[in-house]
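Hi,

Here is the structure I promised to send over. Have a look at it first, and then read my notes below.

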Amino acid sequence: MATQKIKKIAIATGGGDAPGLNAVIRAATLAAIKRDWEVYGIRDGYNGLLMREEYVEGGLIRLTRERVRGITHLGGTIIGTTNRGNPMKYPVKNFDGTITEVNRLDELVRSFQLHGIDALISVGGDGSMTIANALAEKGLWVVGVPKTIDNDLEKTVITFGFDTAVGFAVECMDRLHTTAASHQRVIVVEVMGRYAGWIGLEAGVAGSADVILIPEIPYNIHKVAEKILERESQGHKFSIVIVAEGAKPAGGDLSVVSREVGRAERLGGAGEKVAADLQELTGKETRVVVLGHLLRGGAPSRFDRLIALRFGAAAVRALDEGRRSVMVALDPPVVNYVPLEEATRRMKLVPLDCDTMLTARDLGICFGD
Ligand code: F6P
């Protein structure tokens, strides 16, 4: 593919952090340095370019071999991230304290040009890929890398971060089983995942939940109570119920903590609601554990480290081959490239006939339907 010669690239990490971000940064940096390119990390999403005056040491961090040494196993991102910095809907505070969303894409593209950045590697979830696609449409040379613990991105078999989140949730389920059994309680475990039930489903099946409630299947709480009472009658005096934060009762609403201009709505409270209803319907003592941001922290699993390293290196190879407006994607056994635009077209939800769902049904797990 004929292409301009690259001298300088930038990496941005956007949206909620996920284990494996630093591994992507390390692999992309080393692969770029190998090609004699300079590499910069943009601080906090695109804020390093959009809010330069806020950064005393500059909004761009030069990524060198030394800077990325020993970071593969570290959670978080060494260049920072934000989910309040969408350049298409940038939150700007007015004099009266209200917030207006402003489109700053043109300004951002000019900033890339001003800094002599030839291409961008954007690491993020659906929001970041939508922004990356919009930047590409404005002429910026962009390659995307799919990240999110939610695993809700189309066109890649998996996003990095998901495996670590599920692994941690399963470990918590193991611990909760012993305490639930000892006290003969119902324990409700709320997990993240936004509008997709991937974490809830996989952690629920691998962690031997008795009930799994996910956004894809609006639940009937009476069916869940029946399941718990049925277990009780069989001598199983405890139950573990995993609730995805986006789960909602049939005909009911999502549990939302807040809606603010300039950021996505925050979900939360689904577990509390289920627990309160179950305590009332079953008469059993019920406790709630919200795993929340614990699912996003900590060291990436072996799987996530490897995928993140492969994604980071593949993103640089894509640039070297002159590919534009693509997202790297896992298409086992290879890492492939898919058009950015296709990757953002719709959210990847749990198919109700997928093998893990069928397995869960065969195991007798209740979905509240
Ligand atoms: O998209 C990742 C995610 O962790 C979701 O699962 C969750 O709903 C959201 O981000 C939480 O975002 P915040 O960090 O803003 O609370």
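This is a predicted model: local features need pLDDT of at least 70, side-chain atom pairs count only at pLDDT 80 or more; totals for chains, interfaces and linings use all residues.

I started with the interface of domain 1 and domain 2, across which there are two salt bridges.

As for the layout, the domain assignment puts 8-160 + 300-343 in domain 1 and 165-296 in domain 2. Their centres, taken over C-alpha atoms, are 33 Å apart. Domain 1 brings 14 residues to the contact and domain 2 brings 13 residues. Sorted by class, the domain 1 side that touches domain 2 consists of five nonpolar, three polar and six charged residues.

In terms of area, the two domains bury about 1,200 Å² between them, and 48% of it is on carbon and sulfur atoms. On the domain 1 side, Arg 84, Ile 149 and Asp 150 lose the most area to domain 2, together 43% of what that side buries. Between the domains there are also three residue pairs in polar contact, counting pairs with both residues at pLDDT 80 or more.

Now to the ligand. Ile 149 and Asp 150 turn up again among the residues around the ligand, and others there include Met 192, Arg 194, Glu 245 and His 293. A polar side-chain atom of Asp 150 is 2.7 Å from a ligand oxygen atom. For Arg 296 the corresponding distance to an oxygen atom of the ligand is 2.8 Å, and for Asn 83 it is 3.0 Å. Taken alone, the ligand exposes 400 Å², of which the protein buries 86%.

Best wishes

Key
Residues are numbered from 1 along each chain as its sequence is written. Side-chain values use heavy atoms; hydrogens and water are left out. Domain bounds come from an automatic or database domain assignment. Contact means heavy atoms within 4.5 Å. Buried area is the accessible area (1.4 Å probe) that two parts lose on being put together, summed over both. A salt bridge is a side-chain nitrogen of Lys or Arg within 4 Å of a carboxyl oxygen of Asp or Glu. A polar contact is a pair of N or O atoms within 3.5 Å; within protein, one must be able to donate a hydrogen and the other to accept it, and residues adjacent in sequence count only if both atoms are side-chain atoms. Ala, Val, Leu, Ile, Met, Phe, Trp, Tyr, Cys and Pro count as nonpolar, Asp, Glu, Lys and Arg as charged, and the others, Gly among them, as polar. A residue is near a molecule or strand if one of its heavy atoms lies within 4 Å of it. Accessible areas come from the Shrake-Rupley method with a 1.4 Å probe; for residues, only the protein chains shown count as cover.
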